[in-house]
Amino acid sequence: MPAFDNISLEKGLYTSGNFTSALSGIDPDENYKGTPLEGLDAFQRQLKRFDIKVNGPYGDTVEKFFSTSQSSVLFPEFVARAVKTGMEQADILPEIVAATTVINSPDYRSLSSVPTEDEKELKAVAEGAFIPETQVRTKSNLVSLRKRGRSLVASYEAIKYQRIDLFTITLRQIGAYIARSLLKDAVDVLTNGDGNNNAAPVTNTAVSSSLSYTDLVGFWNSFDPYEMNMVIASPDMMAKLLSMTEFRDGAAGLTFHSTGNMITPFGSKLLKVSALNSGKLIGLDKGAALEMIKTGDIMTEYDKLIDRQLDRAVISCTAGFAKICDDSAKVLSI
């Protein structure tokens, strides 16, 4: 295996869809155990090779990536990583997604298991008797995948003297925009279903335009045999929740003021989501409600980022969502 500073970098490393993984195949991480480079991945070792400092008061400018033809190959991966960091910082999908599936096809059918009340009960079976069945089948309709992204428009001349860490802020914002769009798609599927006649059942509050603690207890109680361990609330519903006396006990208030996280009297975690229509909240069992399907990580148009030095390049993520257990997500509406 060639040492990290003798590797020939070329655009073909991006064709697999994962630049760092392809680079690690040439320059394995285990070769650096017990050395000063331990803890760096293959991409970070290449940054060190070309002495590219991406942050700190003495960080380099963008033009450092383009000082040689080989170092320019690192630029699309740097862009993708910065965007991904922005997505992770703004992303609450891990809080509500039970499973993530990565596919390499434009079509995907999720599994469906909708047991009856009788099937949910595991009854005693006599010796030699028939064991009750739970059917699992693929859904009738395909999961809809959407491409979400932004076009990055800038000339090399406009940014080459900008510090890399300053440019990174713009890229992280693009990641945050993508994360919010994906969350909106997830909320839509939880509420309206994934096209397989599985919209969430809606419970209306006892009194129009108001929300009482009794409404919440009844809503929580309707989830059996699932557990309502997550609540997604629109901003106005979050305000109503926080105004309730039951949500203002000492322990809940201390946690909210110190961490910004709200503890509910029934143990569910609360998330405020502006993508949810006003007057609504979604309760769900986060371990059974939602599947995320995606074609990979952040995609960048590496040809344009390397050869044309930005100009116009698309940064995107293609993903969709499917419901797993239909009754594990429900809507409370006022």
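This is a predicted model: local features need pLDDT of at least 70, side-chain atom pairs count only at pLDDT 80 or more; totals for chains, interfaces and linings use all residues.
A residue is buried when its relative accessible area is under 20%, exposed when over 50%, and partly exposed in between (1.4 Å probe, protein chains only). Residues are numbered from 1 along each chain as its sequence is written, and side-chain values use heavy atoms, with hydrogens and water left out.

The protein chain has 11 helices and 12 strands. Helices (H or I, at least four residues) and strands (E, at least two) are DSSP runs, numbered from the N terminus. Of the 334 residues in the protein chain, 43% are buried. Contact means heavy atoms within 4.5 Å. Among contacts with a separation of 6 or more, 80% link residues 24 or more positions apart.

Strand E12 (residues 329-333) is mostly covered, with 5 of its 5 residues buried. In a regular strand the side chains alternate between the two faces of the sheet. Both faces of E12 are covered. Ala329, Val331 and Ser333 are buried on one side, and Lys330 and Leu332 on the other.

Two strands pair if DSSP finds at least two bridges between them. Strand E5 (residues 202-204) runs parallel to E12 and is joined to it by 3 bridges. Strand E8 (residues 280-284) pairs with E12 in the antiparallel sense, over 5 bridges. Valine 331 of E12 is the bridge partner of valine 202. Isoleucine 282 also stands opposite valine 331.

Two packed helices are described by the angle between their axes and the distance between the axes. Axes are lines fitted to C-alpha atoms, for helices over the stretch in contact, and angles run from 0 to 180 degrees between N-to-C directions. The axes of H3 (residues 75-90) and H7 (residues 164-192) come within 6 Å and cross at roughly 55°. H3 and H7 are therefore oblique to each other; angles under 35 degrees count as roughly parallel, over 145 as roughly antiparallel, 65 to 115 as roughly perpendicular and the rest as oblique. Residues in this contact include Phe78, Val79 and Ala82 of H3 and Phe167, Leu171 and Arg172 of H7.

Threonine 300 lies in strand E10 (residues 299-300). Its relative accessibility is 13%, so threonine 300 counts as buried. Beyond its neighbours within four places in sequence, threonine 300 contacts Pro76, Val79, Ala80, Leu305, Val314 and Ile315.
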